[in-house]
Amino acid sequence: MPDVRAFPYRMLSWNVVFGVGAIERLPGEMDRLGLANALVLTTPGQAAGGRELLATLGDRAVGHFDQAAMHVPAETVDQATHVARQLAADCTVSIGGGSTIGLGKALASRLGLRNVAIPTTYAGSEMTNIWGITEGSRKDTGRDDAVMPDLAIYDPELTLTLSPAVTASSGLNALAQAVANVPSNDADVAAMALEAVRLISRHLPIVVNNPAAVDARSELLWGACLAGGALGAGTTGLHHRLCHILGGTFGTPHAETHAVLLPHSVACNAAATGQAVRKIAEAMGVADAAIGIFELAEAIGAPRALKDLGIEPGDLERVVAIAMETPISDAAPVTEPALRKLLEDAFLGRRPQP
Ligand code: NAD
């Protein structure tokens, strides 16, 4: 009997304001949503932006917590919970990357606070129902619609301060989310993912070479928004699992790990996802998706080898063992030899073979 298509379908609900100067719409949008007592969240590095936001919000804001940190440490969530309770906040407004938006999600989960996300990187967390909290060296993640931001405001001008290096890795993080969802059975998720591949691959090199190009920043950010949407409504597979293991167990940086692994996870899955891989290559304007992504990473100066992210040769077997502990939902079952080859190629930063 031929394969008969069968799948569930459920779409997330998004509320997005996108455009240069969009941040000016925040007070009005908050009034529309009935949000009156906001706790502004930032990292220490973006505290100045948080203070500006506090001034813009006037009496719609009750305070500013500026200690958001990479991977949402549990102790940071505890501190922010205490501050939110003391100030009787009814919502959070996170301005920053995935770490800050992740803190807003953690408070949504713990205190039931509504949350507004103003992304300043290409991580895409504002479009997903995925949360993550790190306790010691263990990062727990899950999906819960209660953490979905009530509003995401995308203003490309807020990304102008991102360095070319962070832009490169963060853009490839977004590309990984899109690539994972091009094979989706949901026509809208697949279409979002493919358009994200096209936008990101075209505009990422332009932005890295000219970080002040607002029009290219805008197209790249739109690509990241679509990629985050595809991840939120779609799925993750082998690639994200490996990034999670490397980041969680070995402390490799999030976006850089995506950047290094992506060409190799695409190469590993190429046979099983033939049609999708051809579509990705076509959207990128290249002959081979894995090689195209590798060359894109090379062109924008992104990290290309796990050995440059602090991984030792002896760590690879441990990654294989952890990855094989639970079945990986991917286009085809992932075998141990295939996984070993993927990791060895990524460790050395080898060019994928067609
Ligand atoms: P990040 O949020 O940790 O930001 C990295 C650094 O860049 C921070 O110091 C931040 O303050 C600074 N920064 C951010 N925007 C800036 C700007 N415009 N100019 C100057 N500096 C700026 O990094 P990230 O890659 O955005 O997020 C990574 C985290 O997000 C990880 O914990 C990852 O697991 C999570 N994430 C979650 C999802 C999800 O759906 N839940 C999706 C992607 C990433």
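Here is a quick tour of the ligand site, the nonpolar cores and a few single residues in this predicted model. Residues are numbered from 1 along each chain as its sequence is written. In this predicted model, local features need pLDDT of at least 70, side-chain atom pairs count only at pLDDT 80 or more, and totals for chains, interfaces and linings use all residues, while side-chain values use heavy atoms, with hydrogens and water left out.

**Around the ligand**

- The ligand has 20 residues around it, and T43, S99, T120, T121 and T128 come nearest; a residue counts as near if one of its heavy atoms lies within 4 Å of the molecule.
- Sorted by class, this shell holds 13 polar, 5 nonpolar and 2 charged residues. Here Ala, Val, Leu, Ile, Met, Phe, Trp, Tyr, Cys and Pro are nonpolar, Asp, Glu, Lys and Arg are charged, and the others, Gly among them, are polar.
- Helix α4, residues 98-111, gives the most to the shell, with 3 residues. Helices (H or I, at least four residues) and strands (E, at least two) are DSSP runs, numbered from the N terminus.
- On the ligand's oxygen side of things, a polar side-chain atom of T43 sits 2.6 Å from an oxygen atom of the ligand.
- Taken alone, the ligand exposes 860 Å², and the protein buries 81% of that; the areas come from the Shrake-Rupley method with a 1.4 Å probe, and for residues only the protein chains shown count as cover.

**T100 in helix α4**

- T100 has its place in helix α4 and is buried, at a relative accessible area of 0%. Buried means under 20% relative accessible area, exposed over 50%, and partly exposed in between (1.4 Å probe, protein chains only).
- Leaving out residues up to four places away in sequence, T100 touches L41, T42, T43, A68, S94 and I95; contact means heavy atoms within 4.5 Å.

**Nonpolar cores**

- The largest nonpolar core has 49 residues, and L172, L175 and V197 have the most contacts inside it. Such a core is a set of buried Ala, Val, Leu, Ile, Met, Phe, Trp, Tyr and Cys residues joined through side-chain atoms within 4.5 Å.
- Elements that each supply at least two residues of this core include α5 (164-181), α7 (214-233) and α9 (254-269), while the largest share, 10 residues, comes from α6.
- L175 touches V197, I200, L262, I293 and L296, not counting residues up to four places away in sequence.
- Apart from this core lies another, of 21 residues, among them L242, I245, V260 and F347.

**Positive phi values**

- V72 is not a glycine, yet its phi is positive, about 50°. V72 is found in the loop between β3 (61-65) and α3 (74-86) and is buried, with a relative accessible area of 6%.
- A88 also has a positive phi, near 55°. The place of A88 is in the loop between α3 and β4 (91-96), and A88 is exposed, at 53% relative accessible area.

**K139 in strand β7**

- K139 lies in strand β7, residues 138-143, and counts as partly exposed at 25% relative accessibility.
- Setting aside residues up to four places away in sequence, K139 touches H71, G132, I133, T134 and H244.
- The K139 side chain makes a polar contact with the side chain of H71, at 3.2 Å. A polar contact is a pair of N or O atoms within 3.5 Å; within protein, one must be able to donate a hydrogen and the other to accept it, and residues adjacent in sequence count only if both atoms are side-chain atoms.
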